[in-house]
Amino acid sequence: MTAPTSAPTNVGGKAGDSEPLLSLRGLRTHFVRGRETLPAVEGVSFDLAPGRALAIVGESGSGKTVTVRSLLRLLPRSARIVGGEAYFRGRDLLALSEREMRRVRGREIAMVFQNAMEAMNPTLTLERQLTEHLVWHGVCGRAEARERAIRALADVGIPEPERRIRTYPFQLSGGMRQRAMIAMAMLTEPALLIADEPTTAVDVTVQRQILDLLVKVKERGTGIILITHDLGVARYFCDDIVVMYAGRVVERAPTQDLLDDPRHPYSVGLLDSSVELGDRNRPLTPIPGSPPDLARLPEGCPFHPRCSMAERPACLSPQELLPIGEGRQVACWKVRER
Amino acid sequence: MLGGFAGYLARRVLRLVVSLIAVSIITFTLLQLAPGNFADLQRISSGATTIGSAGTEDVMAAFESRYGADIPPWKQYLIFMKGALTWDFGPSYKYPHLEIQEIIAKAFPISATLAILSVALALLIALPVGVYAALRQNSAADHVAMFLVTLGHALPGFLSAAFLVLLFTATLHVLPSSGWEGPRNLIMPVLALAIGPAAVLARYVRSSMLETLREEYVTAALAKGGPRRTVIVRHALRNSLIPLVTVVGPLLASLMTGTVFIEALFRIPGLGLYFATAAASRDMPLLMGSTLFFAVILMVTNLVVDLIYGVLDPRIRAEGGWGQRRPRRASQQESTQVL
Amino acid sequence: MGTTATSESLAAGVDTGALAEPDQAGQPELPRPRGQWARAWDRFRANRLAFASLIFAGLLVVVAVFAPLIAPYHYSETDYNARLAPIGTEGHLLGTDLLGRDIASRLLYGLRTALTVAFGAELTALVLALVVGLVAGYRGGRVEQVLMGFTDVMYAFPSYLFAVVLVTVLGRGLFSLILAIGIASWVTQARLVRAQVLTLKQREYVEAARAMGARGTTIAVRYILPNAIGPILVTTSFGIPAAIAAEAGLALLGLGVQPIPSWGAMITDGMRYLLAAPHMMVFPALLFALTLLAFTWVGDGLRDAFDPSGEQR
């Protein structure tokens, strides 16, 4: 039984594109809990071309967050990256020293989090928080950084930025906070922006604002990795979707293709249980069962206990990602056969 | 209903005054219950270990002139309180030629010096230890540190003092065990006084730090490329220190207790020693005076601490959340912070 | 029961539990569930430090009870031929003090004093706390207000110092010492009792009992009290070393019970003869420290046994 390391088709790139911005190959991240080892991410691969947006979709616990945190090497002490490479602008992120990694974080790869209220230090002014990394990375001095921050706030549509910059995070509305967080991330003009569930904690009106903002970011040429459990959000501006389950990729496809014609039984289930998409009149069918306990993963395909099409003994062997068309891959032998 | 800061301050001061009155009444009543009262010196002199050289007659005369003979207790109380408010507690039993307020004025600075130096030392020890233990949670160093903390917490100040004296005076002969002449007299008392608070503070710093390190903004700061040390100090440490301020109140109370015993042990002429000897020789006015003084100091300090807490945490300041304390509950759960 | 380990919960740092889910054939059977008390006892026993401390503390209690039989001399028995005698003097294993009294014997009697006062004071405090706390929590009203008022006042004022004042008032006997320390420390425990009662009042079995027509006192004593005992037991066990320290402190100040020996007084005496006869201070200090630590660790162990997640710290 070897870890699946499929050669990824260039999901996210058009023919004739330059090298992908990010090329993740076979990432494996394990958590150590007492004597157990929990495989949170087991063989995840995908590519991201510059200026494109990739959505990573899956239920809670599928390993989406651990994947991107592994990229930035921001994992808790109980975690270990045990395999894989992450090529970003010609370097393997997973092999960099901590010092080199620090130069990448916040400068070439930036991250915005789900809840801006929690992701911002409540006792520091916006000015402080928005400018400190510019100074850390030697982009400019404090005074200049302040000017840039003010302009960035204006860019994301926050009124009276000169006044606002002296305030504290709790004094902003939820939507403004979230937008300020994006502004903060974009100040260093990173090549890649990772957004971890940026719309989950806000209400619907703000969701739209955030998504439009992310569209603008993409138009400026920044690559985006968007983590979400909400297919509607993914559809809004992402070019490709990667579906994850139990730490593995189960399907990869361009967005519209996936939404029109999902192939992996899990993807089908996701769409069937999604509220935002599809025909209003169709019945909502949740996927039976619940996500597996990483300590006791099923043998072979992790989804098979909940899969309506499961067949033994074939489903008991590990599924590799198999190409099924232009830019699409699925990790299910049955789909391939169809 | 007054709002905002002014209202909060007013309410707290009111509570302070009411509490003080309550303490004074309780103390006064208790002392009345003791065999003998203010004006009845025969029984008191038989219970006292020594009376000053002035002799009973002088003391009696001094008291009669102040309180009068055969005055009902509540009037005595009022006279005493009136005096207290005007910083005039009258003469003490044991030292009838001295006014109590003189004694307090002379002795309090000594105790205050001890207390302040101890707190400074305690902080100096506790901060690095607590932060280090938090960063290396569950390591051997952490366990050792926490074990020492338990020791420091369990042993009362005077016991630590006893061990220190045994070491430095009896064995090494480097420090004096009593007296109040120079800086060398300070070392052991301050050290002994600081151990307890250092232990409490270290544990608190560690918990607070552990909790703060789990906050998402610490990870976010790292994600921006922050150097480890800067993130620890500017983001984690700063915010974890704020709730520490809430510990100062109870800490001060225990510090006050500590000075009483330490001063008695080392024979340092601070207010604690006078309090103790007043109790031993049943010097009622001095006992009451010093008790009240202690109470005032404690309550005022608690009030100041609460105000400082508000200043430190901008959320309270700006939102007008005065009166809503946000203490961080110390949590010892397994941490998943990235540092 | 344990929760499943999903990577999200891991990343978020949730403690994902320790018990395995029951599974199909092939997995070992789960142990039969034990009662709450038995489980707490198991946890306590597993904590080696706490268990050893409990044994040591028990030993101390036994020694204290039988001190007059164990001690080679009476505590006030003087031997003018061997004053300030050092360790190992014939007949006086740990030496003598300035009056020729045997230190070892005085240590044992001091232990007796310490434990008598401590247990007595803690019992007093407990009784007061239970009564007032139960009434304040269950009935509320005037009693509750008075209790809360008390705590506000006492919050600022250190209980040791209050004990000093009380001793001055109550006189110097053993009984007054017990009362003084007990009265100085009941307030925090009463608050705890009240808090427990308030929580437990909402539980369903209380409502059921009330629906069946049980009277207030019955409910309080038979339903609420047994379930509140856990935390109360913990605070009580922490109160004991505090009371021991209080007794020693008071003795140190000269407010103890003469002429019965007390470690605090022995330490003060020892200070005076520090250079000539350090053994006068060493042994009381050591034994005092060991006793305190033993009882403190028992308290720690109890607390962890009843609340292993450490949430109530």
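The model is predicted, so local features need pLDDT of at least 70 and side-chain atom pairs count only at pLDDT 80 or more, while totals for chains, interfaces and linings use all residues. Residues are numbered from 1 along each chain as its sequence is written, with chains lettered from A and ligands numbered from 1 in the order in which they are written.

**Where the chains meet**
- The contact draws 24 residues from chain A and 21 residues from chain B; two residues are in contact if their C-beta atoms, placed from the backbone, lie within 7 Å.
- On the side of chain B that touches chain A, H9(B) gives the largest share, six residues.
- That side of chain B splits into eight nonpolar, seven polar and six charged residues (Ala, Val, Leu, Ile, Met, Phe, Trp, Tyr, Cys and Pro count as nonpolar, Asp, Glu, Lys and Arg as charged, and the others, Gly among them, as polar).

**A covered helix in chain B**
- In helix H12 (residues 271–280) of chain B, 10 of its 10 residues are buried (20 or more other C-beta atoms within 10 Å of a residue's own, C-beta atoms being placed from the backbone).
- Helices (H or I, at least four residues) and strands (E, at least two) are DSSP runs, numbered from the N terminus.
- Just after H12(B) comes Arg282(B), with a positive phi of about 55°.

**An enclosed strand in chain A**
- Strand S3 (residues 53–57) of chain A is largely enclosed by the rest of the structure, because five of its five residues are buried.
- Ala53(A), Ala55(A) and Val57(A) point one way from S3(A), and Leu54(A) and Ile56(A) the other.
- S3(A) pairs in the parallel sense with strand S8 (residues 223–228) of chain A over five bridges (pairing needs at least two DSSP bridges), and Leu54(A) has Ile225(A) as its bridge partner there.
- Strand S9 (residues 240–245) of chain A runs parallel to S3(A), joined by four bridges, and its Ile241(A) stands opposite Ala55(A).

Key: Buried ≥ 20, exposed ≤ 12 C-beta atoms within 10 Å, placed from the backbone.
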